[in-house]
Amino acid sequence: ITAKTNMIRNRLIELGASADRIERIIWGVDTHAFSPGDQQAARQALGLPTDRPLIVSLRNLSPEQNIDLVIEAMPRIVESHPRAMLLLTEHNAKPAYRRQLVEQIEALGLGDHVRWLGTTGRDHMPMLLRAADVSVSLKPTDGMPQSMLEAMACGCVNVMADLPMYHELVAHQRSAY
């Protein structure tokens with residue numbers, strides 16, 4: 001039996017799995033694809049501003065991903081970083097949730113601070129992470145997100161919900177926020 005985190009391993013034991021049959025395996029990252037690179041070149045290749053702080057959310061566009069909380073935080077971010085821009089992908093977009101987010105962006109006056117990227121392919125993820133200053137994920141539950149490891153491999157700072165399993169690999173203010 002394989003488990004990506006100790007929390008999952010412990011839950012499997014609670015469900016009756018024998019501890020000696022469980023192997024903890026953290027998935028690797030393709031460091032040929034996900035690696036640091038020239039941020040300005042990545043931005044230019046993606047048609048993104050080269051002179052603005054960029055925050056990217058790679059999560060699916062659905063309510064359980066809490067992207068509305070990221071948007072809610074943007075006025076405070078813009079207050080301290082007036083040129084900050086949030087980049088939103090539209091993977092598995094729930095139409096009603098997207099409409100809700102568009103209305104929220106308009107109500108908060110964030111039109112110049114949010115860019116919709118559409119449904120970018122997996123092959124664009126390394127370039128997006130190189131281009132961004134921050135990758136944000138506020139999902140209330142999770143396993144061990146591959147996107148966190150990929151962002152780290154690209155040198156992009158992770159801002160995440162404070163979930164116990166994340167502490168297995170990252171430390172607040174040292175390797176993530």
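Modeller: Helices (H or I, at least four residues) and strands (E, at least two) are DSSP runs, numbered from the N terminus. In α6, that makes Q146, M148, L149, E150, A151, A153 and C154 buried. This is a predicted model, where local features need pLDDT of at least 70, side-chain atom pairs count only at pLDDT 80 or more, and totals for chains, interfaces and linings use all residues. Residues are numbered from 1 along each chain as its sequence is written, and side-chain values use heavy atoms, with hydrogens and water left out.

Biologist: What makes α6 "mostly covered"?

Modeller: Seven of the nine residues in α6 are buried. Those buried residues pack against α5 (125–131), β6 and β7 (157–160), where contact means heavy atoms within 4.5 Å.

Biologist: How do you know which side chains make polar contacts with the side chain of D142?

Modeller: A polar contact is a pair of N or O atoms within 3.5 Å; within protein, one must be able to donate a hydrogen and the other to accept it, and residues adjacent in sequence count only if both atoms are side-chain atoms. The side chain of D142 has such a contact with the side chain of R59 at 2.5 Å, and another with the side chain of Y166 at 2.8 Å. Leaving out residues up to four places away in sequence, D142 touches R59, L163, M165 and Y166.

Biologist: Why are C154 and C156 in no disulfide?

Modeller: A disulfide is a pair of cysteine sulfur atoms within 2.5 Å. For C154, the nearest cysteine sulfur is that of C156, 7.6 Å away, so by the 2.5 Å rule C154 is in no disulfide. The same test leaves C156 out, with the sulfur of C154 its nearest at 7.6 Å, and the count comes to zero disulfides. Both cysteines are buried: C154 has a relative accessible area of 6%, and C156 comes in at 4%.

Biologist: What makes a space a cavity or a pocket?

Modeller: On a 1 Å grid over the protein atoms alone, a cavity is a set of points where a 1.4 Å probe fits but cannot get out, while a pocket is an open set with protein on both sides within 12 Å along at least five of seven lines; lining residues have an atom within 4 Å of a point. Grid points are joined across faces, edges and corners, and volume is the space filled by probe spheres set on the points. There is one cavity of 30 Å³ or more, and the largest cavity holds about 70 Å³. Its lining includes R59, M148 and Y166, and β6 gives the most, with three residues.

Notes:
Buried means under 20% relative accessible area, exposed over 50%, partly exposed in between (1.4 Å probe, protein chains only).
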